[in-house]
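Good morning, colleagues. Please look at the sequence and the structure first.

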Amino acid sequence: MKKPDFTDLKAMYVNCTLKKSPRQSHTDGLMDVSRKIMEAEGISVRQLRFVDHEVAYGVYPDMTEHGVEKDEWPKLFKDIFEADILIIGTPIWLGEKSSVCQKLIERLYAMSGKTNDKGQYLFYGKVGGCVITGNEDGIKHCAMGILYALQHVGYSIPPQADCGWIGEAGPGPSYMDEESHAKDNSFTNRNTTFMTYNLLHLAKLLKENKGYSNYGNSREAWDDGTRWNFENPKYR
């Protein structure tokens, strides 16, 4: 089979662990499996640990314009938006994604009303996936929420766009703990590999085609009165 050339793509990994650097993050350990694949394919890869930055709560692009003293989100967003692929990593707490992950999603949502140069919502043409770790059940539940939120704001989600690792129910070893043998788990390794390449394939397709056609999906055209083949007497 012909090997695709992914080298013009950029990826951003955002770890939503509750632990500030340099504390060990099990989520980062699994994200690193995917990162190494991308780096081996010549992808430009960046990463950040969201909790290391002073990001305000809120659903506006810059919360300093709404009474907050400091908000690093505008700067972080530039780096996130520059990437063709966004991979969100989170641990599982009480069966849910972390509060840090929820904050990231809310801040992405804050940007979703903006439009691109085609008049489409801003994230059209970008691709998203997620990495989940924990020692209880919850991978699919967390992935459903994250991937739904990403597609809702405009990211495209390829097949098998999530991966994760969990141990036995109850207290026990986590992903980076040697006794967990997590790094040798064939199911996790397969899913992480498939996710990574599916993200690359979709991002490459979208980039080569300059994203989606804006026929039928331009917010700016709709606001100007274009209705394409939609019919409703109210809009005549």
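Helices (H or I, at least four residues) and strands (E, at least two) are DSSP runs, numbered from the N terminus. This is a predicted model, in which local features need pLDDT of at least 70 and side-chain atom pairs count only at pLDDT 80 or more, while totals for chains, interfaces and linings use all residues. Residues are numbered from 1 along each chain as its sequence is written, and side-chain values use heavy atoms, with hydrogens and water left out.

Let me begin with the backbone. Most residues other than glycine have a negative phi, and most peptide bonds are trans. Against that background, Ser21 and Pro22 are joined by a cis peptide bond, with omega at about 5 degrees. Pro22 belongs to the loop between β1 (10–15) and α1 (26–40).

Leu94, although not a glycine, has a positive phi of about 55 degrees, and it sits in the loop between β3 (85–93) and β4 (96–97). For accessibility, buried means under 20% relative accessible area, exposed over 50%, and partly exposed in between, with a 1.4 Å probe and protein chains only. Leu94 counts as exposed because its relative accessibility is 90%. Trp228 is not a glycine either, and its phi is positive at about 50 degrees. Trp228 is located in the segment after α6 (219–223), and at 25% relative accessibility it counts as partly exposed.

I turn now to the charged groups. Side chains of opposite charge can pair when their charged atoms come close. A salt bridge here is a side-chain nitrogen of Lys or Arg within 4 Å of a carboxyl oxygen of Asp or Glu. How many salt bridges does the structure hold? There are 11 of them.

Asp28, Asp32, Arg35 and Lys36 are linked in a network of salt bridges. Asp28 meets Arg35 at 3.1 Å, N to O. In that pair, Asp28 is partly exposed at 22% relative accessible area, whereas Arg35 is buried at 3%. Asp32 meets Lys36 at 3.3 Å, N to O. Both Asp32 and Lys36 lie in helix α1, 4 residues apart, about one turn of the helix. Asp32 is partly exposed, at 25%, and Lys36 is exposed, at 52%.

Another salt bridge joins Asp79 to Arg46, with the closest N and O atoms 3.1 Å apart. This pair links distant parts of the chain, since Asp79 is in helix α2 and Arg46 in strand β2 (residues 44–49), 33 residues apart. Arg46 is partly exposed, at 40% relative accessibility.

Asp162 is placed in strand β6 (residues 162–166). Contact, as I use the word, means heavy atoms within 4.5 Å. Leaving out residues up to four places away in sequence, Asp162 touches Cys130, Ile139, Ala143, Leu147, Asn191 and Met195.

One of those partners, Asn191, is found in helix α5 (residues 186–208). Asn191 is buried, at 9% relative accessibility.

Next comes Gly89, in strand β3. Gly89 is buried, with a relative accessible area of 0%. Gly89 and Val14 are 75 residues apart in sequence, and their C-alpha atoms are 6.1 Å apart in space. Beyond its neighbours within four places in sequence, Gly89 is in contact with Val14, Asn15, Cys16, Thr27, Met31 and Val131.

Finally, I come to helix packing. Helix α2 (residues 73–82) and helix α3 (residues 99–111) pack at an angle of about 80 degrees, with their axes 11 Å apart. Axes are lines fitted to C-alpha atoms, for helices over the stretch in contact, and angles run from 0 to 180 degrees between N-to-C directions. That angle makes α2 roughly perpendicular to α3. Trp73, Phe77 and Ile80 in α2 meet Leu104, Arg107, Leu108 and Met111 in α3.

Conventions: Parallel < 35°, antiparallel > 145°, perpendicular 65-115°, else oblique.
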